[in-house]
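Welcome! Have a look at the chain below, and then we can walk through a few of its features together.

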Amino acid sequence: MKRYDLIVVGAGPGGSTAALTAAEAGLKTLLLERSAYPGEKNASGFALSSKAWRDFSFLQEMELPSMRYCRQCVAHFLSPPPEMEERFVVASGPSRRMSYPEARDFFTVGMLRREFDPFLVELAEKAGAELRLNSLVTGLVFEAGRVAGVRLEGGEEYRAPVTIGADGVLSLVARQAGLRDKWKPHEVTSVCIVDFTAPRERMDDVIHEAGFQAYFGPGMGGNFLIAYADGVHLGGPGVTNSLIARAVRKGIKPAKELLETLSAPPVQRLLRALEAEPREWQAHCLTWMDRMPENVCCGGLMLVGDAAGLPEPLYAEGVWQAMYSGRLAAEVAKEALEEGDFSPGFMRSYRERLEESPVGEEFVAGAQLRQLFEMLGDPRVCAELEEMAVDLAVHLLMTGQEPKAEAMGRIFSILAENVPALMSLARVYLPLLLQVSEEKMRFYASLLRGIRNIVENFLSGELGF
Ligand SMILES: Cc1cc2nc3c(=O)[nH]c(=O)nc-3n(C[C@H](O)[C@H](O)[C@H](O)COP(=O)(O)OP(=O)(O)OC[C@H]3O[C@@H](n4cnc5c(N)ncnc54)[C@H](O)[C@@H]3O)c2cc1C
C-alpha cells in the first residue's frame, strides 16, 4: 500500500488546482481520476470568468485552440410561443468601473473542457503530483474515526493523512465520509445542453466577441448560448433563470424547454448563419445552493468545487469556485501536515476561510438576485416588462414614425402604466440594495429628494435654465 501526504480524488478544475498547489508546496500528492483523460466526462464547453485570470497567474500562459474571448453579453427577449420572434435585445460590454484590469477587458473566455482540464492536470504533474487515470475511487479508508485514505475499484488502497474530495456533484467521497446523503431537490438543478460545431470563420463573422447570450420569453427564459472558437452550446432551461429549479420542483421538463428555444426562429437563423452542426447532447446535474454549504470537511478530509456544493447561486458558475477552493484546501492540508493535526477542528478552518474568501462572498445577494431572472421567466411579468422596454426604446430613441414631440410625450404614460411591473422589479432590487449598501442608498435617496425640489422649482418657474 502506497502512502502520500495528500490524496486528491477527481482531476477536474478543483482537484487539479489542489494537486498543483500541494505539489508546489512540496507535498507528496496523488491525483486520482476515473476517466481515461481529464475532461472526458464533463460538460463539453464552458465560460471561464475573468476572476480566474485575476487569481491564477498561470492562466496568463494558457493558449488553447478552443478559446474565444467574450467582450459582449447579449440578452434576447422573444415573443410568446409559437412565434418566438425577437422583440428586444440588450447587449453590454465590460464596465470601466470593475475593480481589476481583466474584468475591464473581458467577461469570460469560452473553451472546451477536454482542453482546459488536461492543461491544469499537466501543470499539476509538472509541479510533481502523481496522476493516475482510469482510477475509480469506490470507498474511503478510516483510521481512528477520520479519513485516512481511499480504496479503488479492484480493492487497491492508498493512504494519506489528508484527502481532498474533488469528485464533482455526485461526490462519492462526501457520501462515504457521512458529510451528506443525497442532495435535496432544491439544492440541485439539471442542465441540458446541445453542443454544435461551426467553422471558425463563421464564428468570427457571426458571433465575434458576443460569447455569452441568453434567450428570455414569456414562459421560457434564460436559456444560454456559450461560444468557443469553433462552436457554441445552447443550454437550458436557463441557468440564468431558476426555471430549472422550478423544473425540479414543479415538473417542467428541462429538455422540452431547451428544444423550444432551439426551434425559436432567431436561434434557427443564428445556427444557419453559423453553418452549425450538432455534435453532442448532454444532461448534467449541478448544485445550485442559496447559501454556502456547511458540511464541507471532517477529520482528514475536505471537499472542494461541486463536491462541496460551491457553484454560485445566480448563474451556477462553478469552475473558478472549484479552482479557488482547491487551492485553499491544499493550503490547509499543508498547514495540517506541518502541525500534525488532522482533526475535524483543524479542518474546520478550511470552511471558515472559504466563507471569508471571494467564493463565500459570491453567496451574498446571489439567491435574491436570481428572483429577477425568475420574474423574467414569469409569463405575465416578462410580457409586461418586454412591452415596456420596446415602448420606451421606440418612443425615446427611434421616433421616426411619428412627430418627435408626440412620441416623447408618451414616455410618462408608458412609465405610469408600468408602475406595477416596475414595482415587481423594485421588490427584488430594493431589499438587495439595502442589504449590500444601505449607506449609499440613503445618500442617493437624499440626492433624489434634492433633484425633486429642483424639478418642482423649475416647473413652478422659480428656477430658469
Ligand atoms: C452543462 C454545464 C455547463 C456549465 N457551464 C459552466 C460555465 O460556463 N462556467 C462555469 O464556471 N461553470 C460551469 N458549469 C459548472 C462547472 O462545470 C462545475 O462547477 C465545475 O466543473 C466543478 O469542478 P470540479 O472540479 O469541482 O468538478 P468536476 O469538474 O465535476 O470534476 C470532477 C472530476 O472527478 C472525477 N470523478 C468523479 N467521481 C470520481 C471517483 N469516484 N473516482 C475518481 N474520479 C472521480 C470526474 O471524472 C471529474 O473529472 C457548468 C456545468 C454544467 C453541467
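Helix H11 passes helix H12 in a right-handed crossing (a crossing is right-handed if the near helix is turned clockwise from the far one by less than a right angle, and left-handed if anticlockwise). Keep in mind that this is a predicted model, in which local features need pLDDT of at least 70 and side-chain atom pairs count only at pLDDT 80 or more, while totals for chains, interfaces and linings use all residues. Residues are numbered from 1 along each chain as its sequence is written.

**More on H11 and H12**

- The axes of H11 (residues 319-339) and H12 (residues 344-356) come within 10 Å and cross at roughly 150 degrees (axes are lines fitted to C-alpha atoms, for helices over the stretch in contact, and angles run from 0 to 180 degrees between N-to-C directions).
- That angle makes H11 roughly antiparallel to H12, a label used for angles over 145 degrees.
- On the H11 side the contact includes Ser325, Leu328 and Ala329, and on the H12 side it includes Phe346, Met347 and Tyr350 (two residues are in contact if their C-beta atoms, placed from the backbone, lie within 7 Å).

**The whole chain**

- The chain has 18 helices and 20 strands (DSSP runs numbered from the N terminus: helices are H or I with at least four residues, strands are E with at least two).
- Along the principal axes, the C-alpha atoms fill a box of roughly 85 × 50 × 45 Å.
- Buried residues make up 42% of the 465 residues (buried means 20 or more other C-beta atoms within 10 Å of a residue's own, exposed 12 or fewer, and partly exposed in between; C-beta atoms are placed from the backbone).

**A four-strand sheet**

- An open sheet has the strand order E1-E12-E11-E10, with mixed pairing (two strands pair if DSSP finds at least two bridges between them).
- Its edge strands are E1 (2-3) and E10 (137-143), each pairing on one side only.
- E1 pairs with E12 (residues 157-159) in the parallel sense over two bridges, and Tyr158 in E12 is the bridge partner of Lys2.

**A look at Glu209**

- Glu209 sits in the loop between helix H6 (200-207) and strand E15 (212-217).
- Glu209 counts as partly exposed because it has 16 C-beta neighbours inside 10 Å.
- Leaving aside neighbours within four places in sequence, Glu209 is in contact with Tyr69, Cys70, Arg71 and Gln72.

Methods
Angles under 35 degrees count as roughly parallel, over 145 as roughly antiparallel, 65 to 115 as roughly perpendicular and the rest as oblique.
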